[in-house]
Amino acid sequence: MNRGAADDAIRARFLRPTYAVDADAVDAWPASGAADTPGEDARCRVFLAVGNDGRLKAAFAAFGPPVVIACADWICERVTAQTVEITHTVTLADVEKALALTPTQRYAGLLAIDALSNAVINLGQ
Amino acid sequence: MSASIYLDHAATAPLAPGVAEVMHDVLVGAPGNPLSQHAEGRAACAHIDAAAEKVAGLIGAEPREIVWTSGATESSNLALRGVAEFIGAGARIVSVVTEHPATRDTLSALAKQGVTVDWLEVDAHGAIDHDALAAAVAQGPDLVSIMQVNNETGVIHDVPAIAEQCAAAGVALHVDAAQSLGRLPIDVSATPIALMSLSAHKIGGPKGIGALYVRRRAPKIGVAAQIIGGGQQRGLRAGTLPTHQIAGFGAAAAQAARHGIASQPEWARLRERLWQGMAPLGGLLRNGRPETAAAPFLSVSVTGVHGAALITGLNEGEPALAVSTGAACSAAKGESSHVVRAMGRSPREAAATIRFSLGPGVDEVAIDAAAQRFRDEVRRLRTLAEAA
């Protein structure tokens, strides 16, 4: 993906995220996990639930620049309808590759990964 | 303009009607070097003389007091560096912390070269303390440099009063009028201003052309040229003059003289309509008082949203709002607007600060649509952030 296309992809997810949590239904999610990056003034929370079929549902809330919201949206898309095991295999490299993150945007991918990991821990509990 | 709603006239105004045609006609019809003695040169020179009449007329100056530059940034560089070099060792300049980078960065560079720079603070409304100015002027500086209208907030500094204060102390005054030209009355024949930076593209002229007004009667100050090699413009700024650019500046100045000041009440009315349309959101902090801000400006700091997300959402969403933020938007890195931080905003608030600036072509329909779009985007981002 060239830079222009990558920027377009990030912008599109930022403007129209598919997995933004319904703020009025946050309590309905059984688990969530958060992470923040004070140096970038950004934070992210991933919400997880397991359906009757054993597949994950995911949503996010985020405060930060567009790339933070795009990464959070991407990671929710990646795990949705998958089993919990998928969450153990998603890496920063996957986010970087999918959204063609620049080195200065890498923190946003890490933020989403960390939020997901914390959500999985809470889901287990 | 490709943006759906253009509210960024302080960044650059669309070309005023007829300016492009004037520039084309001069570019094609007057190709001579304006310094040449032949007919083609004289024809080009006539266009420059006519433009100088119009630009000078807008500020009450004489045409010979206009020095053409590439824009207000170069004008301020010429004024500040030129005065510092002319004075030499021991030069001292007073300015304000909320100045445009053209002034701030230039003075910071000069400070590293040994020039003493005294910075005046502003209050929560962006205003300077005239007692502090008096104290600074009492130190005997060579120059006071201040903008008439702040480029981020629209806050107006009382230049006539400041000019009198400086003149009484025998101190020369440089005014950055990039944002006030055509918006506020400026009359250098009645106001003791030594130097004034002007820009064409803020008033509907082309980019790449500006001017420095250099007073030729008291109170005046010496300025050393910063671009040399040809002796043009009485040795103050060398280089062949861009005839068509200057003619475009002149055409825009003529229109500003007719409509600029007269249209300000309408911009003020529309600005208040925009503010009233946005205010129900809550969590909005207005920067500067409406009664002391230039009519086209509305600066708002938004709580609960990230600055980079807000500006991208407004600029890229539909309909797009062409608006600006003060500076790069990382609150934590301290890169947010130095202007609104100087007025007491937190780094995060400063990073989420949007400047709306109105101008020709903006009407109630555009204002109402902009207010709606702003409300929708802020609500969307606050909702996204709320549960994080």
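Angles under 35 degrees count as roughly parallel, over 145 as roughly antiparallel, 65 to 115 as roughly perpendicular and the rest as oblique. The model is predicted: local features need pLDDT of at least 70, side-chain atom pairs count only at pLDDT 80 or more, and totals for chains, interfaces and linings use all residues. Residues are numbered from 1 along each chain as written, chains are lettered from A and ligands numbered from 1 in the order written, and side-chain values use heavy atoms, without hydrogens and water.

**Chain B as a whole**

Select chain B, which has 12 helices and 13 strands. Helices (H or I, at least four residues) and strands (E, at least two) are DSSP runs, numbered from the N terminus. The radius of gyration of chain B is 21 Å, close to the 21 Å of the globule rule for 388 residues, so chain B is as compact as a globular protein of that length. This radius is taken over C-alpha atoms, and the rule is 2.2 Å times the number of residues to the power 0.38.

**The sheet**

Next, show the open sheet of seven strands in chain B, ordered β2-β8-β7-β6-β5-β3-β4 with mixed pairing. Strands pair if DSSP finds at least two bridges between them. At the edges stand β2 (66-69) and β4 (116-120) of chain B, each with a single partner strand, so one side of each lacks a neighbour in the sheet. From one strand to the next the twist averages 20 degrees.

Zoom in on β6 (residues 172-176) and β7 (residues 195-199) of chain B, parallel strands joined by three bridges. Here B:V175 is opposite B:M196 in β7(B). Contact means heavy atoms within 4.5 Å.

**Helices α1 and α7**

Select residues 19-29 and 243-260 of chain B: α1 and α7 pack at about 150 degrees, with their axes 8 Å apart. Axes are lines fitted to C-alpha atoms, for helices over the stretch in contact, and angles run from 0 to 180 degrees between N-to-C directions. α1(B) and α7(B) are therefore roughly antiparallel. Contact residues include B:V22 and B:V26 of α1(B) and B:A247 and B:A251 of α7(B).

**Helices α5 and α6**

Finish at α5 (residues 130-137) and α6 (residues 159-169) of chain B, whose axes come within 10 Å and cross at roughly 25 degrees. That makes α5(B) roughly parallel to α6(B). Among the residues in contact are B:L133 of α5(B) and B:I162 of α6(B).
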